[in-house]
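I opened my notebook for a look at charged pairs and helix packing. Here is what I looked up, in the order I went.

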Amino acid sequence: MSSIAQQHISSFSVRDLDLKLKQVRLANPEQSLPSPPASDSGSSSPKQDPEESYFLRSLKECLAIYEEPSRARSASLALLSDEEVIMLANNGHIATYALEKLFGTDQLERAVRIRRAIISRASSTGTLESSSIPYENYDYSRVLGACCENVVGYIPIPLGVAGPLTVDGKQYPIPMATAEGTLVASTSRGCKALNAGGGVSTVLVGDGMTRGPAIDFPSAIQAGAAKAWIDSDEGHKALRDAFESTSRFAKLKSLKTAIAGRTLYVRFATTTGDAMGMNMISKGTEKALEAMQKQFPEMVVLALSGNYCTDKKPAAINWIEGRGKSVVAEAVVPGHVVKTVLKTTVRDLCNLNVKKNLMGSAMAGSIGGFNAHAANILTAIFLATGQDPAQNVESSMCMTLMEPTGLNGEDLLVSVTMPCIEVGTVGGGTVLAPQQGVLDMLGVRGAHPQQPGQNAQTLARIIASAVLAGELSLLSALAAGHLIKAHMAHNRSQLNTPAASVPVTPGAGLTSRG
């Protein structure tokens, strides 16, 4: 027997055979083995094992069991095999999106398994059901109604730890979920250089999530009158009182208004405790607009979000006014560390930063992009800690600055200014157990017991400091000419790369792409 044939046989498992048999029975139910009698008495009937049952009852029989009025739907589904549930769904008797609700919270994994089969068999490739996408041993109760719909599994991402990095006198590991080789190693090198100078100091210069509804009026005159009312003490107080009535954490900080024709835009800014705060501010904004409607009954709220916020889009207003946590992180790196650890000079780093991050970004017309790769580090930490990854668009807005300092300018003063870090330690993806484990590692999980908002602010400070480490390392690699060598050695997957093209000599540095 040839080696190819032997490999093919060894890769065909009993589970694969069982799956094929079940698919045949589903496609040809009339050819199935006789079904055992089903009882409608509920719990007195033994439950079928969906993995071991080789009987497929008719659609009529399954429907009678499923629709039995004396039982809960979850109890009826427990009497049916997976294949029988799939048959009901394919014939329009069960909505695939509602499987978790029908099965109940103690059968969530089964609901996911059945949905995978339904979607797989209806697709052109038919690969999902037997794919390597994992679905078992996951706490779907944390996902249901909170994080995702039509769930078919989960996607593991490698989790690395850079550092530790000293931030405001305390050491933190830097958790990074990423599939980009060299990113964690490069950030660790930056951490080493920053720690050698005493670590990173941060300052929180702003904290306020925003929501900017669009409101139509019959005329520009009326829109202008509404703007004047909001800007007045009376209007501001009316909106603030209504807004803050919706949450003990939501404290309205400011209202910024703008007019385009007869459309009025109002940018609400509020503190949101340790939550990232989009749901909280949306609820408060809606209540405030109800109060405004009493003063201006002719107004029409076009959208609670009128893109004046601005959420998940690059915008100058975020860069100028800030959104979420606004943080500046800075450090002094001794000159000898720049030479021995970063393999470059203070002069070369400062010159490159000006020509690349400042002038180059200006030539490109960038908004908030005056950095080398802030999004790389920020997004990796976002994924690890359960943040909304789409908010990396504005959260990674960053200006990196470098200048010589110390006696004769031999040391390096480096800073990052990030006005829009949108993070939370409660709600959203932070309810998932692995992400909570990462937040525990940082000591910022959940709401701060004494000072609401402090955990989320600390997380923002850690992120800005990690970005500083990543910026320092990448710019040093560029200045020293090590970037391509490092990526050729450490960021090439040998699984998909011909052996002859794999470099045999590692590069001089470990750096991430910019």
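I started with Asp 311 in this predicted model: its relative accessibility is 13%, so I count Asp 311 as buried. Its partner is Arg 323, with the closest N and O atoms of the salt bridge 3.0 Å apart. Arg 323 sits in the loop between H12 and E8, and Asp 311 in the loop between E7 and H12, so the pair ties together parts twelve residues apart in sequence.

Next I checked Arg 323 itself, and at 0% relative accessibility it is buried. I found that Arg 323 also forms a salt bridge with Glu 394, at 3.4 Å from N to O. Glu 394 belongs to helix H16, so this pair joins parts 71 residues apart in sequence. Glu 394 is buried too, at 0% relative accessible area. I then noted a salt-bridge network linking Asp 311, Arg 323, Glu 394 and Glu 422.

Across the whole structure, my search gave 20 salt bridges. One that I followed up is Arg 461 with Asp 168, at 3.9 Å from N to O. Arg 461 is in helix H18 and Asp 168 in the loop between E1 and E2, so the pair ties together parts 293 residues apart in sequence. Arg 461 is partly exposed at 22%, and Asp 168 is partly exposed at 41%.

That took me to H18 and its packing. The axes of H8 and H18 come within 7 Å and cross at roughly 100°, which means H8 is roughly perpendicular to H18. I sorted the residues of this contact into nine nonpolar, seven polar and one charged.

Definitions and conventions
Residues numbered from 1 in each chain as written. Predicted model: local features only at pLDDT ≥ 70, side-chain atom pairs only at ≥ 80, totals over all residues. Heavy atoms only, no water. Axes fitted to C-alpha atoms, helices over the stretch in contact; angles between N-to-C directions. Helix = DSSP H or I, 4+ residues; strand = E, 2+ residues; numbered from the N terminus. Parallel < 35°, antiparallel > 145°, perpendicular 65-115°, else oblique. Nonpolar A, V, L, I, M, F, W, Y, C, P; charged D, E, K, R; others polar. Salt bridge = Lys/Arg side-chain N within 4 Å of Asp/Glu carboxyl O. Buried < 20%, exposed > 50% of the residue type's maximum accessible area, 1.4 Å probe, protein only.
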